[in-house]
Amino acid sequence: MLTVSGLTTEFRTRVSGVRAIEDISFDVPQGVAVGLVGETGSGKSVTIRSILGLLPATGKVIGGSAEFDGVDLIRANRSQLRSIRGRRIGFVAQNPFGSLNPILSIEKQFANVIRAHRTMSKADVRAVALERLESVQVRGPERVLRGYAHELSGGMAQRVVIALAMLHDPPLVIADEPTTALDVTVQRQILDLIDGQISAGNRSLLLVTHDLGVVAQYCQRVVVMKSGSVVETGAVADVFGDPRHPYTKQLLAAVPPAPWSRAAKEVTGA
Ligand SMILES: Nc1ncnc2c1ncn2[C@@H]1O[C@H](COP(=O)(O)OP(=O)(O)O)[C@@H](O)[C@H]1O
Ligand SMILES: [Mg+2]
């Protein structure tokens, strides 16, 4: 479905290029959820943004490819990329308020996303938007449609972003730390929502997170990044059961023990 190979990206400074990621390779197969994990600054977002053509002006992919639907996204032109993003790849970023337009009503944003790829009457846009808001469990969808992003809680705003990302039923969804900016109480709900939308459509998911527990619960495969490189990749059960790289071992050791493991130790005296 998505095959990333040898991806290398630099940021330009006054004097030279600074390499942010180097020789990144992994695939996201059809119908599979892949977790991309690594500490802050390891290059997860740069990887995603390189694939999606969303790097800031100072960033440049200097090598490698990202094949999707038979197209190399790195070499695709702007209009090809725009058509693939949204229609074939849904993107959910970390901060929902950065993804939503603050000065357009939510209804207008649904209309814009729908009309980017097909023509539809105002009444039909409204009907589709209401149905989609209901599918992401937004309460009072009529009121939300008339309103603006700043009137929403973080969790509700991220639900709206997810509904917008899913509008064209993309076969691949890429989510970059979709819950990091949200209240802990809603983080699981949002992950469950994404997981439900993915499973229901037999879609593929590339889920960026720094939380190995999230990978264990929601993903079948994992790609571990450190300092701009991939250090380990494989099936979640294999990598977590028998980590090869010292960094993966260290990440796993840092996961707080599940409450039941402490109880079990007390019972057995271990
Ligand atoms: N706009 C930028 N300009 C210069 N360097 C950047 C920029 N964005 C990211 N980087 C560099 O790329 C590295 C990886 O960043 P990032 O992909 O955002 O990490 P992660 O998402 O894993 O926390 C950072 O260490 C940073 O030095
Ligand atoms: Mg990031």
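## Helix 1

In this predicted model, helix 1 spans residues 44-52 and is mostly covered, with seven of its nine residues buried. The buried residues are Lys 44, Val 46, Thr 47, Ile 48, Ser 50, Ile 51 and Leu 52. Just after helix 1 comes Gly 53, which has a positive phi of about 70 degrees.

Glu 177 lies in the loop that runs between strand 7 (172-176) and helix 8. Its relative accessible area is 10%. Residues under 20% count as buried, and Glu 177 is therefore buried.

The side chain of Glu 177 makes a polar contact of 3.0 Å with the side chain of Thr 180. Leaving aside residues up to four places away in sequence, Glu 177 touches Lys 44, Gln 94, Val 208, Thr 209 and His 210. One of these, Lys 44, is also among the buried residues of helix 1.

Most residues other than glycine have a negative phi. Glu 177 is not a glycine, yet its phi is positive, at about 45 degrees. Asp 169, also not a glycine, has a positive phi of about 50 degrees.

Asp 169 sits in the loop between helix 7 and strand 7. With a relative accessible area of 41%, Asp 169 is partly exposed, whereas Glu 177 is buried.

## Helices 7 and 8

Helix 7 covers residues 154-165 and helix 8 covers residues 184-200. The two pack at an angle of about 10 degrees, and their axes are 10 Å apart. Angles under 35 degrees count as roughly parallel, so helix 7 and helix 8 are roughly parallel to each other.

On the helix 7 side, the contact is made by Gly 155, Gln 158, Arg 159 and Ile 162. Helix 8 contributes Val 186, Gln 189, Ile 190, Leu 193 and Ile 194. By type, the residues of this contact divide into five nonpolar, three polar and one charged.

## Helix 11

Helix 11 runs over residues 246-254. Tyr 247, Thr 248 and Leu 251 are its buried residues named here. They cover an arc of only 100 degrees around the axis, which puts them on the same side of helix 11. In an α-helix there are 3.6 residues a turn, so residues three or four places apart point the same way. The elements covering the buried residues of helix 11 include helix 9 (212-218), strand 9 (221-226), strand 10 (229-235) and helix 10 (236-241).

Pro 246, Gln 250 and Ala 253 are exposed on the other side of helix 11. Gln 250 has a relative accessibility of 52% and therefore counts as exposed. Along the chain, Gln 250 and Val 37 are 213 residues apart, while their C-alpha atoms are separated by 13 Å.

Conventions
Residues numbered from 1 in each chain as written. Chains lettered and ligands numbered in written order. Predicted model: local features only at pLDDT ≥ 70, side-chain atom pairs only at ≥ 80, totals over all residues. Heavy atoms only, no water. Axes fitted to C-alpha atoms, helices over the stretch in contact; angles between N-to-C directions. Helix = DSSP H or I, 4+ residues; strand = E, 2+ residues; numbered from the N terminus. Parallel < 35°, antiparallel > 145°, perpendicular 65-115°, else oblique. Contact = heavy atoms within 4.5 Å. Nonpolar A, V, L, I, M, F, W, Y, C, P; charged D, E, K, R; others polar. Buried < 20%, exposed > 50% of the residue type's maximum accessible area, 1.4 Å probe, protein only. Arc of directions from axis to C-beta. Polar contact = N/O pair within 3.5 Å; in protein donor to acceptor, adjacent residues only side chain to side chain.
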